[in-house]
Amino acid sequence: MRAPSPQSAATIAEVFGLYDPPLWLVTASDGTHRGGFIASSVTRASIVHEAPRLLLTVARHHHTWELIEHSGQAVLHLLHADDLAAVWRFGLESGRHRDKFAGLDVARTPSGMPRYTAALAWLDTEVEQRMEIGDRSVYLLAAHAAGYDGTAPVLTVSGLTRAPDPRLAELDRLYAADRATDAEAIRLWRARDHTDRDTLPA
C-alpha cells in the first residue's frame with residue numbers, strides 16, 4: 001500500500017479540513033455497563049426513507065466499541081451547538097474507569113439503549129453489517145427509531161474552537177495519542193493483509 005508523501009499528506013489533511021462534520025455522541029450498553037464517545041465519522045448511507053442506514057467507524061480501543069460489539073446496537077445523538085459539556089463528559093476519559101452517564105437524567109430508546117436526553121436529535125440503530133479496517137470497525141447501522149426536538153444548529157468540529165484553551169490542549173493531546181495508536185493498528189493490519197495474500201494458493 002503506497003503511503004502519501006509528506007506534501008501529499010499535508011494537502012490531504014487540508015482537503016479534509018474543507019468540510020465541517022457534525023459531532024455525534026455515540027452511546028451503547030452491554031446490559032451491565034454503559035458508555036459513549038464523541039465521533040465525527042458518521043455518514044448517511046441510504047436515501048431510502050423506508051430503509052434509513054448510516055456508516056459509523058469506531059476505534060477498537062474505545063470502551064464503546066466493546067459495548068457495540070456485545071449488543072449489536074448503538075444510539076447516535078446530534079448535540080446542540082453550545083453543548084460542549086457533553087464533549088468533555090463523553091470525550092475526555094474512558095468509560096472503563098467511570099460511568100459517563102453518572103448524574104444525568106438517562107432515558108432508554110425503544111431497544112433499551114441509554115439515551116442522552118439533552119441531545120438535539122437521536123437515532124436508535126442496530127448493526128446490519130461490519131467490516132474491519134485495522135484501527136477501526138466500520139458498522140453499517142440500520143435506524144429504526146428517532147427523536148428530534150425541532151431546534152438547530154448542531155455542534156460541529158469547528159464548534160470546538162470556542163472551548164477554553166486548557167480544554168483544547170487536552171483534546172489535542174488525546175487526539176495525538178489516538179492518532180499514534182491508530183497508525184500502529186493500521187500498519188499491523190496492512191502487514192497481516194499482505195502476508196495473508198502472499199500465502200493464498202495460486
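Me: Which residues is Thr 109 in contact with, leaving aside neighbours within four places in sequence?

Reply: Thr 109 is in contact with Val 75, Arg 115, Trp 122 and Asp 124; contact means heavy atoms within 4.5 Å. This is a predicted model, where local features need pLDDT of at least 70, side-chain atom pairs count only at pLDDT 80 or more, and totals for chains, interfaces and linings use all residues. Residues are numbered from 1 along each chain as its sequence is written, and side-chain values use heavy atoms, with hydrogens and water left out.

Me: What does the side chain of Thr 109 make a polar contact with?

Reply: The side chain of Asp 124, at 2.9 Å. A polar contact is a pair of N or O atoms within 3.5 Å; within protein, one must be able to donate a hydrogen and the other to accept it, and residues adjacent in sequence count only if both atoms are side-chain atoms.

Me: Is Thr 109 buried or exposed?

Reply: Thr 109 counts as buried because its relative accessibility is 5%. Buried means under 20% relative accessible area, exposed over 50%, partly exposed in between (1.4 Å probe, protein chains only).

Me: New topic. Where is Leu 78 found?

Reply: In strand S5, residues 73–78. Strands (E, at least two residues) are DSSP runs, numbered from the N terminus. Leu 78 has 17% relative accessibility, so Leu 78 counts as buried too.

Me: And what does Leu 78 touch, not counting residues up to four places away in sequence?

Reply: Leu 78 touches Pro 22, Leu 23, Trp 24, Ala 119, Leu 120, Ala 121 and Val 154.

Key. Helices (H or I, at least four residues) and strands (E, at least two) are DSSP runs, numbered from the N terminus.
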